Amino acid sequence: MERAISVALFIPTVIVTVLLFAAVIRRLLGVRVGPARSLPAALLAMIVTGPVLTALAPPDPTSVTAGEGFLLVLTAASVASLLAMAVLVILEVLLPTGSLPGPVEMWRGARRRLARTRRYWTIVRIALRHGLGRFLRGRPAAGPDSAASRRRLARSLRAALDEGGVTFVKVGQLLSTRRDLLPAEFVDELTALQDRAAPVPWDEIAAVLTAELGAPVEEVFAAIDREPLAAASVAQVHAARLRDGTEVVVKVQRPGVAAVVDRDLDIVSRLAESLETRTTWGRSFGVRALALGFAEALREELDFTVERDNLQTMAAALAASPDRGVRVPAAFPELSSERVLVMGRVPGTALGAAAPVLARLDDQRRETLAAGLLDSMLDQVLVHGVFHADLHPGNLLVDDDGTLGMLDLGSVGRLDAVTRTAIGRLLEAVGRGDAVAASDALLTLVDHAETVDERELQRAVGVLIVRYAAPGSTAGVAAVSALLRTFTSHGLGVPAPVAAVFRAFATLEGTLGLVRPGFDLVGQARAAGGRRIAEAFAPQRLRGTLEEELVALLPLLRGLPRRIDRIGDAVEHGRLRFNVRLFSDDQDRRLLTGLFHQALLTVIGAAAGVMATMLLGSGEGPRTGLGIGLFPLLGYGLLIVAVVLVLRVLAVVLRRD
């Protein structure tokens, strides 16, 4: 009974003592210290208090009065608190706050790592099952040397990507547009991956439709085809008819695809971070930023309300432009949700499988069709600021009359007026061969530091114009790649919207090559840019532009006399002042803070060294309970502190980066 009472009293005493030590330590340090650090430090202080008290107590404890005992206990607690504070400071130096996750985050991170590891092994098993294991060994593998073996390998790759899930299907979609990189057998097989992914059973699709529409499928649609028109990586599409007889298509998201995408994107982001950290080419291409942009675009594709709004915006943009023979389906917002999209049916055949349809068109008609698609894309980018960012062959339908229908507007880029103007200036400068104007437009488009060698950039851009924009040049993708390399070599960062424009036109080149083989993307873009320049300088357009500029400047012009009068009055009466904020830039503040910290550490280290020298030269001093002199003990401790601080300052000073 007495033992139980003792334990019951001991536990609350320990808890109260630890909390008291934690409060004192946090108060004395004067900074926010989390419970994960303050409570262990307080527990350490409580444990150390006993030995410190024993070391300070005289050999005969019975000779100590009550007042002396209180002072000894207070001194021991103070020393223990100082030791705990020193441990916290050292821990902050070695492991700064926030560098390690908390217990809850560690548990969640462990679960994510376990799921990620299982996904890694799943991907490896998929590759091995489809005969791709020899490409995972880290050594160059001999490629197939015949068309039949290439077709077999392409089928294996397509099946592996399809089984790998939506993220890897998206990789296949990107590769299917790069005929300049892959053999024809791979391109043909990966094109099939874009619209022939394994379909989801109807029962699962019907469950999604019922949950999203809030009613059984039979009550919403007069008829719906249970066999999908196409099964893509994110969703599959079914033909249907509304109650009023309107023919529509219903796009339904694959069940469970969001969780798989999150897991795979986590793998992709970690791989990109590793490549950017460990490889030079990864840093030059900014693979981490590319992975983030890819992840953001893919997550946006999973929300069909975004595509619904994009369809409406794109339809309005196409209606406001000249007829280019390009259209988009009409959306039905009242029947759409995050996982279901109902839109009007656009007749036609997917471009990747439209060879018979295109063969019935003559060369002139196919040239006009490709030029109209390019003009439509230029209108989207330069005029409306809303453009299809992933116009690969699977997202384009070709009708028998030669009109084109754009699908899958889940990935749409948006540009502000300043960016659109800069892109127009760039195209205009490239058309004139003006490297100075082109470099000025590029500096408006990209992120750059204050110190940019503009003259060297002008030379590099001039070389690119001569090489890729000269009459007869057809190296569209090569020109984009060379331009991106120029950006990285000059330390220029490409914002995500601008990168989306480059990616869209790189994808468009492969699509235009299917519409009209040998289509001159550079020449047609130069001609389209020239037409837009001529239209911009037409008399009626100049008058409208002048009126818009005057309307924009009118408020400034009206307030200008008043501002000039205020400045003149301030000068006349001696009240003119200039307000300059020192160290307003973050880099200046960081530099000053770093210098101050180094100076502070130097002063503290020097003071600790002087005090250590004085203590070591002052004899033994009072002896502790362990028989050790107090002055040597403190002197050597301060000497260690001085050496550590001086070495820390020297490490910062001598570091060459």
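## Overall picture

Of the 657 residues in the chain, 37% are buried. The model is predicted. The chain holds 24 helices and 11 strands.

Counting contacts between residues at least 6 apart in sequence, 64% link residues that are at least 24 apart.

## Helix 13

Helix 13 covers residues 304-319. At 1.5 Å a residue, its 16 residues should span 22 Å, and the end C-alpha atoms lie 23 Å apart, so the two values agree.

Ten names make up the list of buried residues in this helix: Phe304, Thr305, Val306, Glu307, Arg308, Asn310, Leu311, Met314, Ala317 and Leu318.

## Met406 in strand 10

Met406 belongs to strand 10, which runs over residues 404-406. Met406 has a relative accessible area of 0% and is therefore buried.

Met406 is 92 residues from Met314 in sequence, while their C-alpha atoms are 9.8 Å apart in space.

## Thr511 in helix 20

Thr511 is part of helix 20, residues 496-515. Is this residue buried or exposed, given the relative accessible area of Thr511? The value is 0%, so Thr511 is buried.

When residues up to four places away in sequence are not counted, Thr511 touches Leu351, Leu373, Leu391, His392, Pro393 and Leu396.

## Helices 15 and 16

Two packed helices are described by the angle between their axes and the distance between the axes. For helix 15 (residues 363-384) and helix 16 (residues 417-432), the axes come within 8 Å and cross at roughly 125°. The two helices are therefore oblique to each other.

On the side of helix 15, the contact is made by Leu378, Val381, Leu382, Val383 and His384. Helix 16 contributes Arg420, Ile423, Gly424 and Leu427. Sorted by class, the contact of helix 15 with helix 16 comprises 6 nonpolar, 2 polar and 1 charged residues.

Methods: Residues numbered from 1 in each chain as written. Predicted model: local features only at pLDDT ≥ 70, side-chain atom pairs only at ≥ 80, totals over all residues. Heavy atoms only, no water. Axes fitted to C-alpha atoms, helices over the stretch in contact; angles between N-to-C directions. Helix = DSSP H or I, 4+ residues; strand = E, 2+ residues; numbered from the N terminus. Parallel < 35°, antiparallel > 145°, perpendicular 65-115°, else oblique. Contact = heavy atoms within 4.5 Å. Nonpolar A, V, L, I, M, F, W, Y, C, P; charged D, E, K, R; others polar. Buried < 20%, exposed > 50% of the residue type's maximum accessible area, 1.4 Å probe, protein only. Expected span 1.5 Å × (residues − 1).
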